[in-house]
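Trainee: I would like to go through this model with you. Please show it first.

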Amino acid sequence: QVQLVESGGGLVQAGGSLRLSCSASGSIFGLYTLGWHRQTPGKQRELVATLTRGQTPYYSDSAKGRFTISRDNSKNTVFLQMDSLKPEDTGVYYCAAVSIFKHPIDPPDYWGQGTQVAVAS
């Protein structure tokens, strides 16, 4: 069983930054790819960023140039640095794990509980 615990959400002014963290149970980096999804008001949950098996980052169009995904294998943790935040980035951000036998942008096998991000204009 994979457990994912997110932290780092909060309220920030437009133009500000937040750093989200996702702590994963067990040594999962060899078996799963970790990424970040979000659900903004009135929209379906969407992939924001993930690391492919070659460790090349993938970003949604809305995240490119503003968000950076990274990981610390020694701590089983993946991060999402979010800069130049906009009000439309407001939503719940979820960490997710995808089996390495699937493509990293395929539907995840495991989800975290989510962390709320609110960007005030």
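Trainee: Is Cys 22 buried or exposed?

Mentor: This is a predicted model, where local features need pLDDT of at least 70, side-chain atom pairs count only at pLDDT 80 or more, and totals for chains, interfaces and linings use all residues. Residues are numbered from 1 along each chain as its sequence is written, and side-chain values use heavy atoms, with hydrogens and water left out. Buried means under 20% relative accessible area, exposed over 50%, and partly exposed in between (1.4 Å probe, protein chains only). Cys 22 has 0% relative accessibility, so it counts as buried.

Trainee: Which residue does a disulfide join to Cys 22?

Mentor: A disulfide here is a pair of cysteine sulfur atoms within 2.5 Å, and the structure holds one. The S to S distance is 2.1 Å, and the partner of Cys 22 is Cys 95.

Trainee: How far apart in sequence are the parts that this pair ties together?

Mentor: Strands are DSSP runs of E, at least two residues, numbered from the N terminus. Cys 22 lies in strand β3 and Cys 95 in strand β9, so the parts tied together are apart in sequence by 73 residues.

Trainee: Which residue stands opposite Cys 22?

Mentor: Two strands pair if DSSP finds at least two bridges between them. β1 and β3 pair in the antiparallel sense over four bridges. Strand β1 (residues 4-7) has a covered face with Leu 4 and Glu 6, and an uncovered one with Val 5 and Ser 7. Opposite Cys 22 in β3 stands Glu 6.
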